[in-house]
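Visitor: I have a model to look through with you. Can we go through it piece by piece?

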Amino acid sequence: MKLFYNENSGWIEVITGSMFSGKSEELIKRFRRLKYANRKIVIFKHSSDSRYDESKVASHSLNFIEAEAVSSIFEMEKLMKEKYSDVEVVGIDEVQFFGDEIVDFCERLADLGKRVIVAGLDQDFKGDPFKPMDKLLAKAEFVDKFNAICMVCGSPASRTQRLVDGEPAYSDDSIVKVGAAESYEARCRKCHVVRIRGEK
Ligand code: ZN
């Protein structure tokens, strides 16, 4: 990969897959190697994603790397101007938290000659394409899609099962729900269940 490239040309790399597929680990791995090589880097994460630590990207295996917690693209843009204008590589973890405008943001950075590495979910809990990842997948130069292991049967798992109080969620349950005891599992196509209200 990337054996021949113009060093002034930027590009977008996408790391995607279901939950528990190792996306954040892969992001961390790429940035750790860049740090060894003394590249100028920054990683952004959404401030509502507060798994384990406020200012670090956390993977489930607890490999940490420093990250800027931001709540909007506007904030990222400001930091890029004021603090990180000279970075060569920009990372964004859990990119689905930032909404559709993140696509243009990534494109602008790549047009400026930066390497942009984003990680995030490609499907919502119903198995439908997750915005903005669907567009990023189309725009990216490089895409790596990872599978988890189905927590029911052990097959490769491309989907995220949403459970509300231990039962598969209904299709019309809102994507971000407050209050209910919800949890997530990696599941294969066969074991993934989306309940339709009114059907058994
Ligand atoms: Zn399965």
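Guide: A definition to begin with: buried means under 20% relative accessible area, exposed over 50%, and partly exposed in between, with a 1.4 Å probe and protein chains only. By that rule Phe-44, at 0% relative accessibility, counts as buried.

Visitor: What kind of model is this, and how are residues numbered?

Guide: This is a predicted model, in which local features need pLDDT of at least 70 and side-chain atom pairs count only at pLDDT 80 or more, while totals for chains, interfaces and linings use all residues. Residues are numbered from 1 along each chain as its sequence is written, and side-chain values use heavy atoms, with hydrogens and water left out.

Visitor: Back to Phe-44. Which ring does Phe-44 pair with?

Guide: Phe-44 forms an edge-to-face aromatic pair with Tyr-84, 6.4 Å centre to centre and with 90° between the planes. Rings of Phe, Tyr and Trp (its six-membered ring) pair if their centres lie within 6.5 Å; planes under 30 degrees apart are stacked, over 60 edge-to-face, and the rest tilted.

Visitor: Where do Phe-44 and Tyr-84 lie?

Guide: Phe-44 is in strand E2 (residues 41–46) and Tyr-84 is in the loop between helix H2 (73–82) and strand E6 (89–92), so the pair ties together parts 40 residues apart in sequence. Helices (H or I, at least four residues) and strands (E, at least two) are DSSP runs, numbered from the N terminus. Tyr-84 counts as buried at 14% relative accessibility.

Visitor: How many aromatic pairs in the whole structure?

Guide: The search finds 2. Trp-11 and Phe-142 have ring centres 6.1 Å apart and planes at 80°, so this pair is edge-to-face. It links Trp-11 in strand E1 (residues 11–17) with Phe-142 in strand E8 (residues 142–146), 131 residues apart.

Visitor: New topic, the metal. What holds the zinc ion?

Guide: Its protein donors are the SG atoms of Cys-150, Cys-153, Cys-188 and Cys-191, lying 2.3 to 2.4 Å from the zinc ion. Donors are N, O and S atoms within 2.8 Å of the metal (3.2 Å for Na, K and Ca); water is not among the atoms, so sites may look incomplete.

Visitor: Why is the arrangement tetrahedral?

Guide: The 4 donor atoms subtend angles of 100 to 119° around the zinc ion, which makes the arrangement tetrahedral. Four donors count as tetrahedral if all angles lie between 85 and 135 degrees.

Visitor: How are the donors spaced along the chain?

Guide: They follow C-x2-C-x34-C-x2-C. Cys-150 counts as buried at 4% relative accessibility, and Cys-191 is buried too, at 17%.

Visitor: Where is the cis peptide bond?

Guide: It joins Lys-131 and Pro-132, with omega about 0°. Pro-132 sits in the loop between strand E7 (115–121) and helix H4 (133–139).

Visitor: And what about the phi of Glu-94?

Guide: Glu-94 has a positive phi of about 45° although it is not a glycine. Glu-94 is buried, with a relative accessible area of 10%.

Definitions and conventions:
Tetrahedral: all angles 85-135°; square planar, octahedral: opposite > 155°, others 65-115°.
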